[in-house]
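Take a moment with the sequence and the 3D view. We will walk through the fold one piece at a time.

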Amino acid sequence: VEPDAVTDVLIVGSGPAGASAALALSTYGVPNIVVTRYASLADTPRAHITNQRTMEVLRDLGVEEEVVAKATPQRLMGDTTFCTSLAGEELGRVRSWGNDPLVQAAHELASPTRMCDMPQHLMEPVLVDAAVARGTNLRFSTVYKSFVQDADGVTVTVEDRLRGDEYTIRAKYLIGADGGRSQVAEDAGLPMGGQMGVAGSINIVFDADLTKYTAHRPSTLYWVLAPGATVGGIGAGLVRCVRPWNEWMVVWGYDVTAGAPDLTTEYAESVVRQLVGDDEIPVTIKSSSAWTVNEMYAETYSAGRVFCAGDATHRHPPSNGLGSNTSIQDAYNLAWKLKLVLDGTASPKLLDTYTAERAPIGKQIVTRANKSIGETAPIFEALDGLSPQTPEQLWANIAARKDDTEAARKQRAQLREAIAFKVYEFNAHGVDLNQRYPAEGSAAVVPDGTDDPGFDRDPELYHQPTTRPGAKLPHAWITAGTRTLSTLDTVGRGRFTLVTGIGGANWVSAAGAQDLEIATVVIGPGQQYEDPYGDWARLSEVADGGALLVRPDGYVAFRHATAAASGEDAERLLTEAVRRILGHD
Ligand code: FDA
């Protein structure tokens, strides 16, 4: 039977994973179709924290400026507050999301981009608009039903919800970016570890002018320690800013064994009132929905020609703000590999490196996000507020910290420490930027004989750049004439790039001799790019005439510490490296 439509890549889902896969593929000129269940994109704020790595991806895909223009800036994100309600007592704050001066410096040193708060209902249109403008064929109200695959492609049956009928789309590859209840992942039989439904949670989206409780301590998150706040949920009650300071979302837990409460407007308003702590302020409830905290990750991200990305492969709570970030980064890892396999440059073996590189990251972030929930408990412990008790007892325990007694002094110290420890959720720069794909795990990275440098400091809190193959190219400000740009701006756009310096002419010639298109970047005095601050020289970990081969996703694939001994040597070494990366050896 002839299919009704034909494409190279069919993507199921228009969330962060599907939309960014479509955007990257269209940017690289790969024909693709997106089918998505509903008649619109996300209609609630959902994921919002957008970290520097994701901003680097969006910069390469040409939508960074638009995201920055629409997002809440970093400086309004950072006073994560713990309180008894917004109007109630404040228990302490954590400088977050790069707003601690030392962490801010680390952010500035690590990347040309800034973190921001970009709610999902604003992010998805940016990604989808750009994807469609570049060639993506998007079908709303179209539901994935099933697939069958053979040696040459995948035939997918979809349902058109407007017409009520089904049709088939034939694609060379299928991407299941269909979220936490992924039918594609299930039909592909992807093995999963962990468990779903660990705890129950409710999101309530509402409008209210909360300026007087928030503008003086600007933050994305206000955590509320109140009676009932340890039941289910994500560690405590949460008032999250969607747009300063009028659009909000509350996250509140429920006992998952008892099932979700009836989400009437009255119920939603009562929860909002409890967390805001003001019965007078006008509140308009916009929507409520129940969801569960999950702790699940796929061990394999693909089956034959079917690849899954995003929540389809890692399901975890919003702690650390990793959901949409990791989804976009998955798609970015996969897209260039599909492009090179589809145009015949690479062997399909290259696609095996998708699981090899991304599955360990997925498992790591699922574990981190769930651990962060547990790390809120010491704050309640400091207030003796974990065991079942009456609200009066909890308020008395909280008030006791103000006493001039030894017990109160201890309590204050314990509370300060417990709140400060939450940097692992709110200021974990390493979690955001330290993703490495070492050659020991991935065939798309060539070992250079050096030992893994590991991390000098806590790898969750501190980013440590390196050019060892498998790491992201370090950022340094360099110049081209009067223009200042990041080293990251010289790579990407779907191409491999060879980065070298004075004495690296043999590498440049060798790059030109490959079957693969490789852009070349020469950094040094009088060259195409200059390094006036010496930052690149300090970060590159290679001699001036050494070479880095950087993949389209900005990861170092091959490194040679010194100038090549001869032109033949450079060509042989680079050819061997390219063959390994493309899966031809
Ligand atoms: P995502 O779930 O975003 O997208 C899946 C897509 O697939 C959707 O377009 C859907 O319509 C489509 N789809 C599903 N089945 C389909 C089918 N059979 N056929 C066609 N299309 C299909 N995270 C966070 O960090 N902070 C938060 O506060 C929240 N809050 C939140 C609330 C709610 C209600 C949800 C559902 C999720 C969150 N999240 C969140 C999680 C965050 O939204 C999530 O991590 C990312 O959106 C994951 O992106 P994906 O693209 O993988 O899936």
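In what order do the 8 strands of the open sheet stand? Keep in mind that this is a predicted model. The order is β6-β5-β13-β14-β15-β12-β16-β19, and the pairing is mixed. Now look at the two ends of that row. β6 (90-95) and β19 (314-315) stand at the edges. Each has a single partner strand, so one side of each is left without a neighbour in the sheet.

Begin at the β6 end. Strand β5, residues 79-83, pairs with β6 in the antiparallel sense. The two are joined over 5 bridges. Find T80 and look across: it stands opposite V94 in β6. What holds paired strands together in general? Strands of a sheet pair through backbone hydrogen bonds, either parallel or antiparallel.

Next, move to strand β15, residues 247-254. Is β15 mostly covered or mostly open? Mostly covered: 6 of its 8 residues are buried. On one side comes β14, residues 237-243, which runs antiparallel to β15 and is joined to it by 5 bridges. A hairpin links these two strands through 3 residues. Here R243 has E247 of β15 as its bridge partner. β15 also pairs with β12, residues 192-207. That pairing is antiparallel as well, over 8 bridges. In it, I204 is partnered by V250 of β15.

Helix α10, residues 352-374, lies across β12, β16 (284-298) and β19. It runs at about 125° to β16.

Helices also meet each other. Two packed helices are described by the angle between their axes and the distance between the axes. Take helix α1 (residues 16-27) and helix α9 (residues 323-342). Their axes come within 8 Å and cross at roughly 30°. The crossing of α1 past α9 is right-handed. From α1, the contact includes P16, A17 and L25; from α9, it includes I328, Y332 and L338. What kinds of residues make up the contact of α1 with α9? They divide into 11 nonpolar, 3 polar and 2 charged.

Now step back to the protein chain. It holds 18 helices and 25 strands. Its C-alpha trace spans about 80 × 60 × 40 Å along the principal axes. A compact globule of 585 residues would have a radius of gyration near 25 Å, and the protein chain agrees, with 25 Å. Of those 585 residues, 52% count as buried. Among contacts with a separation of 6 or more, 71% come from residues 24 or more positions apart.

Notes
Residues are numbered from 1 along each chain as its sequence is written. This is a predicted model: local features need pLDDT of at least 70, side-chain atom pairs count only at pLDDT 80 or more; totals for chains, interfaces and linings use all residues. Axes are lines fitted to C-alpha atoms, for helices over the stretch in contact, and angles run from 0 to 180 degrees between N-to-C directions. Helices (H or I, at least four residues) and strands (E, at least two) are DSSP runs, numbered from the N terminus. A crossing is left-handed if the near helix is turned anticlockwise from the far one by less than a right angle, and right-handed if clockwise. Two residues are in contact if their C-beta atoms, placed from the backbone, lie within 7 Å. Ala, Val, Leu, Ile, Met, Phe, Trp, Tyr, Cys and Pro count as nonpolar, Asp, Glu, Lys and Arg as charged, and the others, Gly among them, as polar. A residue is buried if 20 or more other C-beta atoms lie within 10 Å of its own, exposed if 12 or fewer, and partly exposed in between; C-beta atoms are placed from the backbone. Two strands pair if DSSP finds at least two bridges between them. The radius of gyration is taken over C-alpha atoms; the globule rule is 2.2 Å times the number of residues to the power 0.38.
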